[in-house]
Amino acid sequence: MAEMREVASPANGARPYLTLAERFRAEVVSLCDERGWTLRELSRRAFLDVGFLSKLIRGLVPATVDVARALDTAFGTESRLQNLVIRIRSDLHPQLPVGREFVGRESQRARLDGLVAQMTTDSPAAVAVLAGPAGAGKTSLAVHWANSQKSAFDLILWADLYGFTGDQSQRAEPGDVLGELLKGLSVSAGRIPVTETERLQLLRGNLSGRTARVLIVLDNAVDLAQVKPVLPGTPGTLVLITSRRRIRGLAQVARTVHVPIPPMTEADSVDLLSSLIGAERAAQEPEAVARVVDLCASLPLALSIAGNLISADSRTSVTQHAEALADRGRLRMLDGDHAGIGVRAAISWSVASAQPEEARLFRLLGIHPGPRFTAGAAAALAGMTEPETLPLLDRLVDAHLIQQHQQRQGGGYRFHDLLRDYATEEIQDPRWENERRDATERLIRWYVHSCHAADLALTPRRDHHEPLDAPPAGIYPATFDDASAAFAWCTAELPNITPVSQLALDHQMWWEAWRIPTVLIDYHIFARPFHVWTSSMQIALTAAEKAENDLWLAEVADKLAAAYSRMRDYDRADDLSRRAIALTKDRVPVYPRLGWSYMNLGISAHVRGDIATAVDLIGHGVDAFVAGGSRIGELAARIEWGTSLRDAGDRDRALQQGRMALAAFRADGDSHGLASALAPLARTCRTFGELDEALACSEEAAECFHSVGDTWGEADALEIKGLVLVDLGRRADAIEALTTAMRLVEPLDEVKAEQLRREIKTHDAASGSHD
């Protein structure tokens, strides 16, 4: 069942955790393996088309209960697969926030319902825009309506564009939005392409292959430039956008319906408030209820906050609550939004009515610069343990002051943009200066220690990890049981890494601003999140310059060069490597990082075809690593040295270097290092006619890369395997391996994918002419 196992890996790449849909596909493959069935045999026994089954286990079509029932019958597994599909159907929308109490907006909901009623899987793509003032309930309507449409859509994706956060630097770029949508399609971080264009192509490819009705919600958009590059335009897709503005020009690029969201009617506002405080209580004080509605400007956000407070305090009359709210109505408007007076008053009233420790945590959360935060980060801000912090977060959620966000790898929290502005402004008050400074430092140091722990868990057997003192009192960093947990944490925290690094830089915490990005180098190499890799390393570079520390500069220059080299920007990579060499070459004893600089330059020379220079530079790198005592550096350099010696025609030394690195990584039990040694050694063996060894190395490399979630590496190993199979005369097997490699790498690297297409075409044609 090798052909099934390849495609049954998540259609979007390997990763260390499985969604329910991925578990279903893996279960089908496992059941076939147990029985020794091919895909065609399964098709015969389940009375299902073989092409459909191929798409099913590749994740290109969704599983249905009928299909699962047919498979259960074929396998004799009673209802095992059916039950799993039922669970999948309830987990089809992992990004969709949970809906809360909702009333009104009948006309807007009816208009959206009408759009869906006309949709089929072949209908042209459409866009609906919910536009209205801050606090008018656009997001609440989108959440409520999307939750009500789960049976109408086969897939619902959600992304927050952070268009009105107050800090324009936090607005989501189109590439970031596309990344979020791809994650909702179970695309692992390692398979998300670098460029916006490639991300949009991958999104379109995933959606167009599903034959399904799809809803995409883009919350909090600011303008056409932010949403236009995100629209997939695939049939059967409805994009629902919320914004404070009518997005002009959208109708020129997509079939668009504008649905205005004004403040709620007085009747709906009364209904909402009554639903929150209880109909009987509202009926007893109708004038007070009307006054609260007026003070809240009929804005759902303000009404929800006010209603929650009134509901929680039954001993105080609604009239007294209204008077308390009126006393805070003199506060100035938030962000110049005239309708925001009631919102600001309601927020202020809610915070003032909270318990002191809750109010303190709320304002401290205004320090966190990222789009979302975890309970661990909140605990660091508060100087508390996570168990101590969780009840406070729960109460802030209940008070509508923060929102709990559904995530596949555990829970997280976020602010409504107005509430973030309020908390950020509140913590800047001079009264909290000392508290703000201490909390900021705790948060930054929490990230330093958590990132350090994650990197150590990812590659525990490598010698490049620098020791770190125990965290200061009041800081309880994240801990990880294994590499999979560390990888998942890094992926979830990725949007926060650059903002937190910038926060450290802004507070002149030079070492922390440098350390957070640089310590994550192993994750960057595994997952290749080039945007965060480069943006955070640029901050680290600035921090090193501010600190006037040459060794910091050299390290970040090397790690930034590694990113640009993988992005094929060799000129920029070389400039950074030369800068690192200039800073460290005259040090005694030899600085180990000098080896990375020589090796990076040697790799660039090799790519440019200057093999003799590559051999010389990488040889210098090996010497520097040996002299500096860096085992991981030495082994990495020996792998690259063996590759350059191979292309220089030096058979014995090329094989010697490759086998030496392979033996060392195997002895260390380093799976990724082992794969990184096996793949180039397979190429070297092939070059010099050692085909049996080449095939064994390429197959083991593919398995190792797959096990650690390195999709690009897996594709590279399968390419080598395919070429060796060609040499062995097994052209059909070769084309299968090359095709699988191409499918894996297409979303990640178009250059590599095109190379594989040419190889497939060449060998396919040769096979045809031979026949």
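This report walks through the nonpolar cores and aromatic rings of a predicted model.

Let's start with the cores. The largest nonpolar core holds 87 residues. Phe362, Leu365, Phe373, Leu393 and Ile402 have the most contacts inside this core. Take Leu393 as a guide: leaving aside residues up to four places away in sequence, Leu393 touches Leu361, Leu365, Phe373, Ala375, Ala378, Ile402 and Tyr413. There is also a second, separate core of 42 residues, with Leu674, Ala702, Ile735 and Leu756 among its members.

Now for the rings. The model has 13 aromatic pairs. Two of them are set out here.

| Pair | Centre to centre | Angle between planes | Type |
|---|---|---|---|
| Phe362 and Phe415 | 5.8 Å | 80 degrees | edge-to-face |
| Trp596 and Phe625 | 4.9 Å | 75 degrees | edge-to-face |

Phe362 and Phe415 link distant parts of the chain, 53 residues apart. Phe362 belongs to helix 18 (residues 356-365), while Phe415 lies in the loop between strand 7 (412-414) and helix 21 (417-427). Both Phe362 and Phe415 are buried.

Finally, look for charges over rings. The charged end of Arg363 sits over the ring of Trp432, 3.5 Å from the ring's centre. Likewise, Arg572 places its charged end over the ring of Tyr564, 4.7 Å from the centre.

Definitions and conventions. Residues numbered from 1 in each chain as written. Predicted model: local features only at pLDDT ≥ 70, side-chain atom pairs only at ≥ 80, totals over all residues. Heavy atoms only, no water. Core = buried A, V, L, I, M, F, W, Y, C linked by side-chain atoms within 4.5 Å. Buried < 20%, exposed > 50% of the residue type's maximum accessible area, 1.4 Å probe, protein only. Contact = heavy atoms within 4.5 Å. Phe/Tyr/Trp six-rings, centres within 6.5 Å; stacked < 30°, edge-to-face > 60°. Helix = DSSP H or I, 4+ residues; strand = E, 2+ residues; numbered from the N terminus. Lys NZ or Arg CZ within 6 Å of the ring centre and 35° of its normal.
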